[in-house]
Amino acid sequence: AVQLVESGGGSVPAGGSLRLSCTDSGPIYTRKCMGWFRQAPGTAREGVAGIYLDDGATYYADSVKGRFTISQGNVKNTVYLQMNVLKPDDTATYHCSARAATSAHFCDVSQREYDYWGQGTKVTVSA
């Protein structure tokens, strides 16, 4: 079974930075794409960033482009989300996710559904 475990959430003032980490213990064929989604109370889930592990292709929501960076660790079962210039609107629970894929476009978090989910880590940005 795929197990995704996030860490790195917390509380920061606006303009600050956080780095989220996700470790995936599942078999590699299930996680060609890894991504981050977020959900604030009373809002719909939003795809934030995705990465295709085979070639490093990345996808971002317009709301985070230029501020957030998704990357993979030295081993392919770890991904990071570096979040800079955080805004109060970034406050949400962030979930790591994974899915199978045969090419990079399956990793587009604004267009594709993901299949495996972590429990989430909370990010709070104060004004």
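This is a predicted model: local features need pLDDT of at least 70, side-chain atom pairs count only at pLDDT 80 or more; totals for chains, interfaces and linings use all residues.
**View 1. The aromatic cluster of F37, Y114 and W117.** Ring pairs join F37, Y114 and W117 into a cluster. The number of aromatic pairs in the model is 2.

View 2. The ring centres of F37 and W117 lie 4.9 Å apart and the planes stand at 70°; because planes over 60 degrees apart count as edge-to-face, the pair is edge-to-face. Distant parts of the chain are again linked, with F37 in strand β4 and W117 in strand β10, 80 residues apart. The relative accessibility of F37 is 5%, which is under 20%, so F37 counts as buried. W117 has a relative accessible area of 29% and is therefore partly exposed, a class that lies between 20% and 50%.

**View 3. Arginine charges over aromatic rings.** The charged end of R45 sits over the ring of F37, at 5.6 Å from the ring centre. F37 is also a member of the cluster with Y114 and W117. At another site, the charged end of R19 sits over the ring of Y80, 4.1 Å from the centre of that ring.

**View 4. The disulfide of C22 and C96.** The structure contains 2 disulfides. One of them joins C22 to C96, with a sulfur-to-sulfur distance of 2.0 Å. The link of C22 and C96 is left-handed, with -80° about the S-S bond. It connects distant parts of the chain: C22 is in strand β3 (residues 18–24) and C96 in strand β9, 74 residues apart. Both C22 and C96 are buried.

**View 5. The disulfide of C33 and C107.** A disulfide with an S to S distance of 2.1 Å joins C33 to C107. The angle about its S-S bond is -75°, and the link is left-handed. C33 lies in strand β4 and C107 in the loop between β9 and β10, so that the pair links distant parts of the chain, 74 residues apart. C33 has 0% relative accessibility and so counts as buried; C107 is likewise buried, with a relative accessible area of 0%. With the bonded cysteines of the chain numbered in sequence order, the pairing is 1-3, 2-4.

Technical notes:
Residues are numbered from 1 along each chain as its sequence is written. Side-chain values use heavy atoms; hydrogens and water are left out. Rings of Phe, Tyr and Trp (its six-membered ring) pair if their centres lie within 6.5 Å; planes under 30 degrees apart count as stacked, over 60 as edge-to-face and the rest as tilted. Helices (H or I, at least four residues) and strands (E, at least two) are DSSP runs, numbered from the N terminus. Buried means under 20% relative accessible area, exposed over 50%, partly exposed in between (1.4 Å probe, protein chains only). A charge sits over a ring if NZ of Lys or CZ of Arg is within 6 Å of the ring centre and within 35 degrees of the ring normal. A disulfide is a pair of cysteine sulfur atoms within 2.5 Å.
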